[in-house]
Amino acid sequence: MKETKFNGFTQQGLNFLQQVRIENSKDWFEEHRPIYDQHILTPFRALVDELAQPMLKIDPLFETRPAIGKTLSRIHRDTRFSHDKSRYRSRMWLTFKRPSKEWTDAPVFFFEISPDMLRYGLGYYSASKGTMDRFRHLALRQSEEFAAARACCKAPFELVGDSYKRPLIKDQAPEIADWYNRKTFAVMATDNQVEQLFTPELATMLAKKLTKLAPLYQFLMKVEALKQVPLEDL
């Protein structure tokens, strides 16, 4: 299939996502599906194509197929186990990750849009305790590598994620404790200047910003390698 050049998103696409929040019915969605296909899905696929090469330089094993369920999120929500029975999401995102059934517990690069915001970064959707225990082990054992991983996470990125109420180690340096005490985390940039979405230069900006997080990704992949080792043997 011939790649489509990324020309940016449109205000019509953002308006569609805004309306999804209000309408959220199958009849309305099917009536407006051409807008979804042209102004949301098509530019997202083109963006994945443009980001694929710089992301493969970070990890040649990344999934880069511009398809829903591969690199693109579904707009349909799974409401079976949710109190929120809204049929459709009002946001859309792409990811670059290695193919895995346990992807929520592995490092993922992401970019997301909603009607009034864009955000991008690297982290876990929901890291397990075992993953975070291995992360903490490696942070202490390979302190220089961990320092290099932290150093790449400068503004506009910030560290987010729930933390334990009590520190796991007393009197730890604040810059280390901020990471060490997280239950899960992501390094994320959030921006309300949605005008950035309307330009082809968005792809170049994202490639540049996400590539800067490569040292953190390489550190987290060392954490992934430790999953082959039982925690009691570390």
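**Figure 1. Strand β1 and its side chains in the predicted model.** In strand β1 (92-96), the side chains of M92, L94 and F96 point one way and those of W93 and T95 the other way, and all are buried. Buried means under 20% relative accessible area, exposed means over 50%, and partly exposed lies in between, with a 1.4 Å probe and protein chains only. Because 5 of the 5 residues of β1 are buried, the strand is largely enclosed by the rest of the structure. Strands (E, at least two residues) and helices (H or I, at least four) are DSSP runs, numbered from the N terminus. This is a predicted model, in which local features need pLDDT of at least 70 and side-chain atom pairs count only at pLDDT 80 or more, while totals for chains, interfaces and linings use all residues. Residues are numbered from 1 along each chain as its sequence is written, and side-chain values use heavy atoms, with hydrogens and water left out.

**Figure 2. Pairing of β1 with β2.** The two strands run antiparallel and are joined by 5 bridges; strands pair if DSSP finds at least two bridges between them. F96 stands opposite F109 of β2.

**Figure 3. The salt bridge between E112 and R91.** The closest N and O atoms of E112 and R91 are 3.1 Å apart. E112 lies in strand β2 and R91 in the loop between α3 (33-58) and β1, so the pair ties together parts that are 21 residues apart in sequence. E112 is buried, with a relative accessible area of 7%, whereas R91 is partly exposed at 33%. R91, E112 and R119 are linked in a network of salt bridges. A salt bridge is a side-chain nitrogen of Lys or Arg within 4 Å of a carboxyl oxygen of Asp or Glu, and by this rule the count comes to 11.

Figure 4. The side chains of R136 and D133 meet at 3.1 Å, N to O. Both residues lie in helix α4 (residues 129-141), 3 residues apart, about one turn of the helix. R136 is buried at 5% relative accessible area, and D133 is partly exposed at 21%. In the other pair, R33 and E30 meet at 3.0 Å, N to O. R33 has 27% relative accessibility and counts as partly exposed, as does E30 at 35%.

**Figure 5. T71 and the backbone of R65.** T71 is found in the loop between α3 and β1 and is buried, at 1% relative accessibility. A polar atom of the T71 side chain lies 2.7 Å from the backbone oxygen of R65.

**Figure 6. The largest pocket.** About 970 Å³ of space lies in this pocket. Of the 31 residues that line the pocket, the closest to its centre are S73, W93, T95, W103 and Y125. On a 1 Å grid over the protein atoms alone, a pocket is an open set of points where a 1.4 Å probe fits, with protein on both sides within 12 Å along at least five of seven lines; lining residues have an atom within 4 Å of a point. Grid points are joined across faces, edges and corners, and the volume is the space filled by probe spheres set on the points. β1, β2 (108-114), β3 (117-123) and β5 (186-191) each supply at least two lining residues, and the largest share, 3 residues, comes from β2. The lining divides into 12 nonpolar, 9 polar and 10 charged residues. Here Ala, Val, Leu, Ile, Met, Phe, Trp, Tyr, Cys and Pro count as nonpolar, Asp, Glu, Lys and Arg as charged, and the others, Gly among them, as polar.

Methods: A polar contact is a pair of N or O atoms within 3.5 Å; within protein, one must be able to donate a hydrogen and the other to accept it, and residues adjacent in sequence count only if both atoms are side-chain atoms.
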